[in-house]
Amino acid sequence: MPEPLLKVRDLKVHYPVRTGGVVVRRFAALKAVDGVSFDLQPGETLGVVGESGCGKSTLGRAVLQLVSATAGSVSWLGCDLTKQTKRELKDCRKDLQVVFQDPLASLDPRMTAGDIIAEPLRNYFPAMSAVERKAKVQDMMAKVGLLPAMINRYPHEFSGGQCQRIGIARAMILNPKLVICDEPVSALDVSIRAQVINLLMDLQKAFNLSLIFISHDLAVVRHISHRVMVLYLGKVMELAERDALYQSPLHPYTQALMAAVPIPDPDKERAKARVILSDDPPSPLNPPSGCVFRTRCPKATGVCAEKIPTLDAARAGQEVACHHWRG
Amino acid sequence: MAILDIRNLTVSFATPDGAVSAVNDVSLSLQKGECLGIVGESGSGKSQTFMAAMGLLATNGTARGEILFDGKNLIGADEGTLNTVRGNRMGMIFQDPMTSLTPHMKIGRQLGEVMIRHRGASISQAREQALAMLKRVQVPEAERRLDMYPHELSGGLRQRVMIAMALMCSPEAIIADEPTTALDVTVQAQILDILRDVKERLNTAVVLITHDLGVIAGLADRVAVMYAGRIVEVGDVRGIFADPQHPYTKGLLACTPRLDDACGGLMTTISGQPPNLQRLPAGCAFHPRCGYASERCSAERPALEQTAPTRAKACFANLKAA
């Protein structure tokens with residue numbers, strides 16, 4: 001097995017949240033990400049799924065060091081990003097890029113598409129000539145399915161799907177090894193979503209790219225991922241090969257998530273067994289003791305409130321954090 | 001018997017760049033007790049059709065045609081007439097439950113207001129009704145919630161409050177505009193269950209506007225598919241999913257990723273970009289993206305024609321023959 005590109009070990013991101021106090025302020029820790037570990041191989045796509053507030057976006061940001069980790073390590077090709085100086089980080093970040101959810105909001109409205117895509121080149125290769133830069137930008141625009149003639153247009157002149165292509169071109173221009181996609185298709189219409197997913201899959205093949213694909217949409221994640229991580233309140237519930245996870249999910253939360261996704265087929269959708277979780281996820285400020293999912297779990301027993309389940313290998317290529325996964 | 005009958009509705013908006021038609025010549029009817037699903041992507045006119053029905057168009061919008069609610073035309077009706085219908089006989093559920101509840105009013109008062117206004121209930125009666133309705137939409141600890149403000153509730157609870165509010169006066173119809181789009185899947189499942197229960201037990205007609213075909217599959221009896229402000233296909237839900245007759249419907253179904261079949265490889269796509277309403281292509285608006293397009297499609301716009309007793313499509317091509 002090749003050396004992993006990225007090794008994340010026991011990563012924790014806790015945000016201080018003000019809970020009161022007028023003169024002396026009181027803070028509590030919001031555990032956005034709480035002890036996440038995983039490896040990522042070159043050319044692999046890791047899907048990260050979970051509901052809002054589960055820490056999936058924070059996890060992506062912490063890998064990029066856009067938020068600082070409270071504890072744990074993120075080693076990128078052997079060097080720990082959490083311990084790097086700013087200058088060292090800048091070198092590493094050349095290989096680590098990101099695509100955000102809102103395609104229009106993540107592009108500077110006063111820069112042309114060409115300038116936006118060229119900005120990483122200006123940053124990392126200030127000596128590059130304008131002619132060479134323009135050629136590279138137009139080449140990348142063609143690769144992501146934008147007409148190179150649109151180089152001088154502004155973001156508002158593009159549709160949502162095209163803006164997302166600009167965001168992808170900007171992420172790809174330095175030929176990175178890893179791109180973190182934070183809900184890249186959630187803001188797009190169904191017909192455009194498939195186009196962008198296909199583009200990401202094509203780019204991955206062409207450049208042997210690794211992807212961390214963060215999304216709340218299980219069906220999309222299934223399409224693009226090799227392995228999938230299910231997060232709930234900052235903790236990993238299940239981490240498995242794609243087919244193992246979707247064909248036989250072991251964690252009660254994964255099972256409930258899958259059962260909740262509506263199937264676009266009236267007969268199947270109306271006939272399927274309903275496993276409806278009660279309530280909403282609890283506040284991450286005050287998570288339940290033991291297993292964080294126990295308050296909504298149909299299988300919860302006494303032990304779940306007392307002991308935090310560890311993420312153990314249940315089968316080959318499938319790890320699950322549950323006391324009761326066997327039945 | 002149709003409770004809501006929309007005939008030849010056209011909605012246009014005056015913009016600095018000229019008039020933009022968001023809805024063109026749409027005719028639809030909602031029968032008593034049925035669930036009508038409206039599917040379309042952003043800009044297809046699915047929301048504006050029903051905003052016009054509720055008299056809620058933005059100030060630069062104008063509606064032409066007829067919107068008959070129980071036989072009375074709502075277009076051009078004065079506020080007084082509109083107010084006897086909306087909130088009373090026709091309820092509305094919006095996408096974002098945070099921005100559609102009044103932030104400075106306690107839940108109990110917001111819910112009760114409808115009863116006081118439309119039914120002349122006293123404050124204590126209204127509160128009692130509000131409590132009963134919150135229980136009906138399965139709000140836990142309903143009594144305590146009455147004295148809470150919207151920001152104290154989670155997204156799922158707020159959406160239940162919205163549904164409760166829409167149901168307060170036992171309306172004959174509810175218009176639900178993307179009721180679960182802002183919610184997580186597990187919460188979406190809870191809300192869809194409540195809507196299903198409302199439809200089946202209270203026999204309320206529901207218009208379900210959404211871009212999510214899975215949501216439609218679970219709830220709708222009939223489906224209308226919209227593209228660029230027009231209805232391109234209408235039919236019973238099983239027919240639409242099993243045998244789509246318009247290339248756009250077929251494309252939408254094909255590019256929706258699903259959990260129930262084998263996957264891998266590239267996804268099926270609809271090529272091209274969604275249309276710009278200010279510069280719609282001539283003929284059929286979908287023809288630049290359509291795999292079945294012929295010369296006729298760019299010259300002439302196909303009318304919505306009946307193909308079977310429960311089906312109609314606006315397309316020249318025969319998908320079966322192709």
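The model is a predicted one, in which local features need pLDDT of at least 70 and side-chain atom pairs count only at pLDDT 80 or more, while totals for chains, interfaces and linings use all residues. Residues are numbered from 1 along each chain as its sequence is written, chains are lettered from A in the order in which they are written, and side-chain values use heavy atoms, with hydrogens and water left out. Helices (H or I, at least four residues) and strands (E, at least two) are DSSP runs numbered from the N terminus, and two strands pair if DSSP finds at least two bridges between them.

**Open sheet of chain B**
- Four strands of chain B form an open sheet with antiparallel pairing in the order β2-β1-β4-β5; because β2 (18–31) and β5 (72–73) stand at its edges with a single partner strand each, one side of each is left without a neighbour in the sheet.
- Strand β4 (residues 61–69) of chain B is joined to β5(B) by 2 bridges in the antiparallel sense, and Phe69(B) stands opposite Lys72(B) of β5(B).
- Helix α1 (residues 46–53) of chain B lies across β1 (2–15), β2 and β4 of that chain, running at about 110° to β1(B), where axes are lines fitted to C-alpha atoms, for helices over the stretch in contact (heavy atoms within 4.5 Å), and angles run from 0 to 180 degrees between N-to-C directions.

**Enclosed elements**
- All 5 of the 5 residues of strand β3 (residues 35–39) of chain B are buried, so this strand is largely enclosed by the rest of the structure; buried means under 20% relative accessible area, exposed over 50%, and partly exposed in between (1.4 Å probe, protein chains only).
- Both faces of β3(B) are covered, with Cys35(B), Gly37(B) and Val39(B) on one side and Leu36(B) and Ile38(B) on the other.
- Strand β3(B) runs parallel to β8 (residues 205–210) of chain B, joined by 5 bridges, and parallel to β9 (residues 222–227) of chain B, joined by 4 bridges; Leu36(B) has Val207(B) as its bridge partner in β8(B), and Val39(B) has Val225(B) in β9(B).
- In chain A, 8 of the 9 residues of helix α9 (residues 252–260) are buried, so the helix is largely enclosed by the rest of the structure.
- The buried residues of α9(A) pack against elements of both chains, including β10 (235–241) of chain A and α7 (185–202) of chain B.

**Accessible residues**
- Val24(A), in the loop between β1 (6–20) and β2 (26–40) of chain A, counts as exposed at 63% relative accessibility.
- Asn318(B), in the segment after β12 (311–313) of chain B, counts as partly exposed at 47% relative accessibility, and its C-alpha atom is separated by 8.5 Å from that of His246(B), 72 residues apart along the chain.
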